[in-house]
Structure formats: structure tokens, C-alpha cells
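Colleague: I would like to go through this structure with you. Could we begin with the overall picture and then turn to the details?

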Amino acid sequence: MDTTRQDSKIQTADDLLREADLLQQAGATPPPASIALDPELIGDFIVESRDHLAQIESQLLTLEREASSAEALNAIFRGFHTIKGLAGFLELWDVQKLAHEVETILDGARNGELILTPCGIDVILESADFLQRWLQHLETALRDEPSTPPAVNEALLARIRGIPTSEDAIAPSCEASFNQDRAPEISAEDLVSGIPAAEPVVEPISGAVVVKEGAPAVATPTAANSSDASTSAKRNQTAAIRVDTAKLDYLVDMAGEMVIAESLVRHDHNLSALQNPALQRKIQQLSRITLELQKTAMAMRLVPIGPQFRRMERIVRDLARQFGKDVVVETHGDDIEFDRSIVEALGDPLMHMVRNSLDHGIESAEDRRQAGKPAGARVVLKAFHQAGSVVIEITDDGRGLNRDRIIAKAIEKGLIQSHEGMSDNEIYNLIFQPGFSTAAAVTNVSGRGVGMDVVRKQIEKLRGRIEIRSVLGQGASFFLKLPLTLAIIEGLVVGVGRERYILPLVNVREMIRPVEGTVWTVQQRGEMALVRGNLLPVVRLYQKFGVTPRSENPRESVLVVADVEGRRFCLMVDELIGKQEVVIKSLGETLKNIPGIAGGAILGDGRVGLILDVERLA
């Protein structure tokens with residue numbers, strides 16, 4: 001909890017634990033309800049408990065892979081012990097009761113009195129889910145909205161007390177119990193809500209993020225460095241504070257406004273007319289400070305992708321148990337940082353991609369053996385930087401995409417007339433069409449053809465794109481290419497007539513000045529430009545937006561070669577004005593759906609430039 005602002009109420013989490021344990025041992029009356037209902041204390045309890053539950057879930061998955069890991073077992077025990085103590089102090093008796101039962105089992109495992117089996121881990125994960133639902137209830141109550149607390153599940157308590165003590169004690173009903181209890185939570189419609197997002201860095205509901213001193217954002221501890229959750233919490237209390245995300249977003253907005261104001265001053269023609277070296281040096285110093293302020297503010301929005309990967313590990317684990325498949329998850333690049341808004345929005349797309357890999361891509365153990373593959377399948381989640389963007393790769397070693405089946409299904413649904421002239425990536429991208437599915441049967445997880453459509457819409461909303469690579473029988477890889485941040489874009493400013501437009505620099509390949517014979521009119525294909533031996537379609541930007549150009553002659557214009565998902569085309573503009581980082585501004589509800597326009601920005605001279613949606617222009 002945040003100890004810096006409420007010394008009179010509470011000191012540290014360990015103080016609370018000691019006090020709660022003493023009260024419990026002495027049979028004393030717990031603290032009065034006025035303290036338990038303090039919104040500030042409850043809010044801190046929610047945030048800290050989410051941190052612990054994230055660690056608990058991650059360490060449980062580690063313990064399932066490495067049954068002898070005392071480090072993971074101790075971390076899980078400390079997490080439940082801390083939650084139990086804090087819940088008792090705040091008079092959350094249902095939470096304390098459940099956490100106490102789990103703590104008792106874990107203490108027995110630590111002392112060698114019992115062995116945690118996969119069935120036992122199922123039950124402990126379900127207990128963590130119950131605590132997550134309680135936290136959601138508390139958040140709703142803090143917002144003064146009606147909410148019913150989750151009732152104590154006596155059946156769950158009984159299963160906790162009856163956790164098998166050895167591998168030989170696993171009853172045949174264990175797997176049946178898992179499927180019965182978990183299947184409703186991982187259906188196609190309820191998967192996201194059924195498995196809570198364990199993200200200690202981002203708290204979108206309570207509106208709090210953790211910002212470390214000397215670093216852009218706090219990274220989620222991994223299995224290798226999270227053995228002592230209590231010690232880590234104490235250390236972070238002096239190195240971190242919790243900041244309301246609304247305040248953080250306002251700071252970022254104001255930093256962007258300051259950049260715009262500084263640019264207006266620097267480009268003011270009255271100021272530039274003054275030949276004063278001292279004044280120019282002061283303006284340059286202001287520019288450097290403003291740029292650093294903007295970079296720092298933007299860095300505060302960046303959070304690691306690791307928590308989302310941890311969430312996917314849980315989904316893979318539960319789905320694999322439901323399907324009876326043996327699947328191992330590998331993650332790479334957990335510390336790669338994204339804009340907070342992007343990380344929050346990636347939950348649904350990643351969930352759908354992983355779900356499809358488990359259901360459609362990965363074969364059963366028997367089928368894999370017949371194909372000469374190991375019975376255990378692999379799903380790899382990887383994040384890395386590439387050409388100014390961040391890429392998330394989802395790869396499985398399953399059966400891969402069946403090109404012929406996709407073509408047949410697309411023709412059957414009338415999406416295409418023929419696949420002639422279509423690249424493999426264009427054919428594979430047909431799976432993102434609404435209602436498209438090659439599944440032979442509809443299950444409670446997938447087969448209705450809605451998931452992948454959601455993926456494409458969400459990624460496009462984030463100004464990203466998807467690329468697919470697949471080898472039949474060997475697996476498939478999906479690459480989600482995303483910007484680092486949604487607030488700033490590096491663009492090429494171009495002029496058409498009196499208007500200014502901004503092309504995202506990530507989509508720009510080169511600029512050329514046409515000469516005689518560069519632009520041709522090709523029958524049934526419109527205008528084409530001959531660029532390095534290739535014919536590329538030409539889009540006259542003034543025709544798209546009804547603007548009067550300086551000249552309609554291509555030789556008096558500039559061709560900007562743009563690239564979208566491997567498809568290249570040329571944009572004809574009047575002039576190139578320069579490269580500039582701009583702060584993206586929304587055009588509001590009235591103008592948000594203009595084809596080819598992604599937003600607006602205020603340029604250095606104070607004019608408004610429209611940011612082009614290159615994919616729609618293509």
C-alpha cells in the first residue's frame with residue numbers, strides 16, 4: 001500500500017499482517033467498520049491485491065512446470081498470506097476465509113506434508129479467480145454503483161480442503177471437475193471476463209498506474225525475480241508512487257500542447273527577423289527542454305507487454321486442459337514497452353489469436369505423433385522492435401493454414417471470385433473477414449467466424465496491421481505490427497494546393513520526381529507509375545479530397561511511394577514540406593469516419609494538417 005500519504009492510518013503491509021494475526025490469535029474484535037470502509041484504504045487494497053494475484057498466477061504456472069520449485073511455492077504462499085492479513089484488517093471476511101484455507105494448504109506443501117498436483121493447482125487458480133471477482137466488486141462499490149459481493153462458494157472451500165496429497169491420490173473425477181468448473185469461463189463469449197486480467201502495472205478500472213523513479217514504467221516481476229513478493233513490495237514503496245491515470249494522461253496532453261506552443265514561437269516570422277544570437281540560443285535551449293519533457297511524459301505512458309503475456313499463458317493452460325492437448329507457452333521480449341492504451345486494447349486480439357491456435361492450429365497428441373511431431377505443442381509469444389514499430393508475434397507449430405480450404409470457403413461465401421493474382425498473405429488475410437471460418441464444427445470456444453474479425457478491427461483501430469506466414473503441416477505465425485504510442489506520430493508533411501497532409505513515416509518508402517514516361521495510363525487499371533522497373537498504382541490526393549492542386553501535370557508534382565502490408569502505390573502531391581513529429585488530435589465525433597483520414601495535428605506554423613490513413617487510401 002502507499003505508505004507515504006497515510007502514516008496516521010497504516011504503516012506497511014507487514015504491520016497489517018502482524019496486527020491481523022495477533023487479533024485472530026487473541027480472538028479480539030477486529031477494527032471498526034469505519035476504518036474498513038475507508039475508500040482510500042480499500043483502493044490501496046485492490047491495487048496491492050491485484051499485484052499479488054498476478055504473481056500468484058504466474059508462479060502457479062511455474063510450479064506446474066517445475067513441481068520442485070520451492071521459490072515459486074514460497075512466493076504463492078506469501079501472496080495469499082498477505083491478502084489474508086489485509087482482508088482481515090479491512091473486515092472482508094469472505095476474502096480472508098478463502099485466502100486462509102488456501103494458505104493452510106500451501107503451508108502444508110511448504111512443509112512437505114503434501115504435494116501439489118495439477119488438480120490442486122486447478123483449485124488454487126479457481127480460488128485466485130474468486131478473489132479477482134471480489135476485487136471487481138469492491139471497485140464497483142467504490143464508484144457508488146450497485147454490486148453484489150460474490151457469495152462464498154462452499155463447494156470451492158471443500159475442494160480446497162480436499163486437495164489430493166500425492167499424484168496417486170488424483171481421482172478420475174479431477175479432470176471432469178476441471179472441465180465442469182472451467183468450461184463456462186472459457187467459452188467464446190466469456191473468455192475475457194472469465195479469466196481476469198492480472199496486470200499489476202495497468203489498473204484501467206481504478207485508474208492507477210505505478211511509475212518508478214529513474215525508469216519509464218514499472219516492469220512486472222518475472223518468475224526468476226519474484227521469489228520474495230514482500231521484500232519487493234517494501235523496496236518499491238520507496239521507489240514508486242501510484243498516480244491516477246487521468247492525471248498522467250492530462251500531463252501528456254499538456255506536454256504535447258507545450259511542444260506545439262514552442263513550435264509556434266520558434267517559427268514566428270517576427271521572431272525569426274530578429275538577428276539576436278543570445279535570443280536564438282535561449283530559444284534553442286527552450287526547444288531542447290520542451291523535447292525532453294515530451295519524451296519523458298510519453299515514456300511515463302509506456303508499460304511492458306509482459307503482463308498480457310502472463311494472461312495468455314493462463315488462457316493457453318486452461319484451454320489445453322479443456323481440449324486434452326499438451327501445450328507449452330514460450331514468451332520472449334516481456335520487457336518490450338508499449339503505450340498503456342495499446343497494452344490495454346491488446347487483450348481481446350491476443351486472446352482470440354491464442355484461442356484459434358489452440359482450437360484450429362494445434363493437433364491432438366495422437367495426430368501430432370502420426371505426423372512425426374512431438375506430442376507436446378508449442379505456442380510462442382514474442383515482442384520485438386522493427387523499423388520504428390513494435391511487433392508481437394504469435395507462433396504455433398500446429399497444422400498451419402490450409403490455403404486451398406481458405407480459397408474454397410472464400411469463393412463459397414462470395415468474398416472472392418478467383419484467387420488468381422492473389423499473394424499468400426492476401427489469401428491468408430481472408431480469415432479476418434466477418435463470419436469467415438473453416439472450422440468443421442462450432443464449439444463453445446470458436447467456429448462462428450467472429451473472433452478474427454474482432455482482431456483485425458482492433459488492430460486497425462490501434463493504427464497497426466497484421467501479416468501472416470504459414471507452412472501447411474508445420475505451423476503458422478501472426479505478426480501484429482503496432483506503433484509505440486498512440487499520441488505521437490512521426491510523419492512526412494506534404495502539400496496539395498493550400499492544404500497540408502501528414503503521411504505516417506512508417507508507410508513511406510521513397511519520394512521521386514516524375515519525368516517523361518514515368519506515369520502511364522493502363523487499360524482497366526487506371527494510372528500507373530514506373531518505379532524501379534515495377535508498375536505501381538497512382539493515387540492523386542487532390543482527387544480523393546476534392547482539393548484544387550497547383551498543377552495536374554505529374555512532372556510538376558512529387559510521387560510518394562507508400563507501402564501497406566507489402567502492397568505499394570504512389571501518392572501524387574504538389575510538394576514535400578518536411579519531416580515532423582506531431583501530436584495526434586482527434587477530429588471529434590462528426591469527422592471521425594472520413595475515409596482516408598486518421599486524425600489531425602497542429603503544425604509548426606500553427607496550421608492544421610490532416611493525418612492520412614494510408615491503408616484506406618490504398
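Colleague: How many helices and strands does the protein chain have?

Modeller: This is a predicted model. In it, the protein chain has 23 helices and 21 strands.

Colleague: What share of the residues counts as buried?

Modeller: Of the 618 residues in the chain, 51% count as buried. The chain exposes about 28,700 Å², and carbon and sulfur atoms supply 52% of that area.

Colleague: Let us turn to the open sheet. What is the order of its five strands?

Modeller: The order is E5-E7-E8-E10-E9, and the pairing is mixed. Strand E5 (327–332) and strand E9 (465–471) are at the edges with a single partner strand each, so one side of each has no neighbour in the sheet. From one strand to the next, the twist averages 15°.

Colleague: Which helix packs on the sheet and touches E5, E7 and E8?

Modeller: That is helix H14 (residues 306–323), whose direction makes about 170° with that of E5. Helix H16 (residues 347–361) lies across E5, E7, E8 and E10, and runs at about 20° to E8.

Colleague: And in what sense do E8 and E10 pair?

Modeller: Strand E8 (residues 389–396) and strand E10 (residues 475–482) pair in the antiparallel sense, over seven bridges. Within this pairing, Thr395 stands opposite Ser477 in E10.

Colleague: Now the helices. At what angle do the axes of H11 and H13 cross?

Modeller: The axes of helix H11 (residues 245–266) and helix H13 (residues 277–299) cross at roughly 160° and come within 9 Å. Because angles over 145 degrees count as roughly antiparallel, H11 is roughly antiparallel to H13. The crossing is left-handed.

Colleague: Which residues meet there?

Modeller: On the H11 side they include Val252, Ala255 and Met258, while those of H13 include Ile283, Leu286 and Leu293.

Colleague: Finally, which residue in the hairpin of E20 and E21 takes a positive phi?

Modeller: Gly606 does, with a phi near 90°, in a hairpin that has five residues between the strands. Strand E20 (residues 597–602) and strand E21 (residues 608–612) pair in the antiparallel sense over five bridges, and Ile602 stands opposite Val608 in E21.

Methods
Residues numbered from 1 in each chain as written. Predicted model: local features only at pLDDT ≥ 70, side-chain atom pairs only at ≥ 80, totals over all residues. Heavy atoms only, no water. Helix = DSSP H or I, 4+ residues; strand = E, 2+ residues; numbered from the N terminus. Buried < 20%, exposed > 50% of the residue type's maximum accessible area, 1.4 Å probe, protein only. Areas by Shrake-Rupley, 256 points an atom, 1.4 Å probe, with all protein chains shown as cover. Pairing = 2+ DSSP bridges. Axes fitted to C-alpha atoms, helices over the stretch in contact; angles between N-to-C directions. Parallel < 35°, antiparallel > 145°, perpendicular 65-115°, else oblique. Left-handed = near helix turned anticlockwise from the far one by under 90°. Contact = heavy atoms within 4.5 Å.
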